[in-house]
Every structure is written in structure tokens, then in C-alpha cells.
Amino acid sequence: MATKTVMKRGGSSKIRFVMLEADLGDGDLSEITHAISNALRQGQAPQRFISAPVRTESETGGNAAGAVDEVELDTEEVEEIQAAPRSVRARKKFPIPRAVSDLDLASGDMPFETFAKQKGPPTKDLQRYLLVAYWCKKYRGLEPITADHVYTCYKLMAWGTDIRDFAQPLRDLGRFGRGEFTAPNFTINQVGEALVEKMKAK
């Protein structure tokens, strides 16, 4: 008899029961035991075999040959599945913009809100950033500007400020030739100014 129990996570188990009974000649005992052991070992970890003692003729009721009643296989295999922790990529942090306290957006002949409404106001971030750079230069004499100046104007106009990297549009404008960006400063050029002057309310 052979019994194999495999314990698996979740409380389930698998049992294999094998029974062998045979009349063997004197010379066949060790050979058949070896064959059984090899068959039960295939694909399994090393196991412990316990062979029952060979019976004598008197014990087997006059049987001339000894017999193997049972071969017991006593093993326990526990499977543990451990999930490897997922690598978590650190989210890059960008500077948080702050409102410029001394940026006057309301006084003068052309407050920023009035200027923005005359130009649309624009709905795309690149256009809005150019608008801020143009207005700061023309009506406040501020050059260059930073993402903080843009953020201040965005807050006034209630434009969405959920931009992950508030300086990214300034970098894009520099890359597109609308000005020059040298972190953290952006200076609008003639190409950028011409684009703002062409903006009109619909």
C-alpha cells in the first residue's frame, strides 16, 4: 500500500492510494521492490519507503514463496506560493507653483482679465501661456516670466490648475521657437508675440 498526500494552500489535499499484492519467487522480492520504488519516485521528491517483513511459509499458510503485503509511502509536500512584490516606480515630483503676490492683474488700462477676453480667451494651455508672457511684457514690463506668473493668471481666470508639471508648457514653447526657456525663466520672442497679436475673440 502506498499513500501520498499533497497539501496545497486553500485547505485542499490530494491523496493517492496504491495497493499491490503478488505471489513472488524467492529471487524476485528485491527486484519487484526496487521497481515499485522507482515507479513511485518519478516526478516526486525523495521519499521514505517502509517495506513489510517477508513472511515465512508458516506465516503465509504454506506458501512456498515469500510475499510483500504492503509498501508504505509516507510523504508530505506543502506548496507555498509567494507572490513577488511588484516594483513600484516612484512618481516624479515637480515644483508646486505659487501665486506671485506683487503681480498687479487689475490696474491700468489693460487688466489681464480684459486682455484675455479680447483674445478669446484662448482654451489651449500653450496659447494661454503665451498670452500671459505677452501681457506681462507689454503691460507690466516683466521679462522673463516663470510658471508662478502663469499660475497667478490661471487662478484669476479660474482656468484649471491641475497641470502636473506647471513649467512643461514653457519648455514646449521654447522648443517650438515661441521664446526662450532657461529654467525657470521664459522669455517670449517675436514669433510668440505675433501669434498672440493674431488671437481674436470669436
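I shall go through the overall layout, then the core and its aromatic rings, and then several individual residues.

This is a predicted model, in which local features need pLDDT of at least 70, side-chain atom pairs count only at pLDDT 80 or more, and totals for chains, interfaces and linings use all residues. Residues are numbered from 1 along each chain as its sequence is written, and side-chain values use heavy atoms, with hydrogens and water left out.

Let me start with the layout. The chain contains 6 helices and 6 strands; these are DSSP runs, H or I of at least four residues for helices and E of at least two for strands, numbered from the N terminus. Read from the N terminus, their order is β-β-α-β-β-α-α-α-α-β-β-α. Of the 202 residues in the chain, 30% are buried. Here buried means under 20% relative accessible area, exposed means over 50%, and partly exposed lies in between, with a 1.4 Å probe and protein chains only. The accessible surface of the chain is about 13800 Å², and carbon and sulfur atoms account for 50% of that surface; such areas come from the Shrake-Rupley method with a 1.4 Å probe, and for residues only the protein chains shown count as cover. As for contacts, meaning heavy atoms within 4.5 Å, 60% of those between residues at least 6 apart in sequence join residues at least 24 apart.

I turn now to the core. In soluble globular proteins, nonpolar side chains tend to be buried together. A nonpolar core is defined as a set of buried Ala, Val, Leu, Ile, Met, Phe, Trp, Tyr and Cys residues joined through side-chain atoms within 4.5 Å. The largest one here has 32 residues, and those with the most contacts inside it are F112, Y129, L131, W135, F166, F186 and V196. At least two residues of this core come from each of α2 (112–118), α3 (125–140), α4 (147–157), α5 (168–175) and β6 (185–188). Helix α3 gives the most, with 8 residues.

Which residues form the aromatic cluster? They are F112, Y129, W135, Y151, Y154, W159 and F166. Rings of Phe, Tyr and Trp (its six-membered ring) pair if their centres lie within 6.5 Å; planes under 30 degrees apart count as stacked, over 60 as edge-to-face and the rest as tilted. By this rule there are 9 aromatic pairs. One of them is the edge-to-face pair of F112 and W135, with 5.3 Å centre to centre and 80° between the planes. This pair links distant parts of the chain, since F112 is in helix α2 and W135 in helix α3, 23 residues apart. F112 is buried, at a relative accessible area of 0%, and W135 is buried at 0% relative accessibility.

Y129 and F166 form a tilted pair, with 6.0 Å centre to centre and 35° between the planes. Y129 lies in helix α3 and F166 in the loop between α4 and α5, so the pair ties together parts that are 37 residues apart in sequence. Both Y129 and F166 are buried. Not counting residues up to four places away in sequence, F166 touches P97, Y129, A147, V150, Y151, Y154 and T161.

Is E193 buried or exposed? E193 is buried, with a relative accessible area of 11%. Its side chain and that of K137 are joined by a polar contact of 2.6 Å. A polar contact is a pair of N or O atoms within 3.5 Å; within protein, one must be able to donate a hydrogen and the other to accept it, and residues adjacent in sequence count only if both atoms are side-chain atoms.

Finally, I draw your attention to the loops. The peptide bond from E143 to P144 is cis, with omega near 5°, and P144 is in the loop between α3 and α4. Thank you for your attention.
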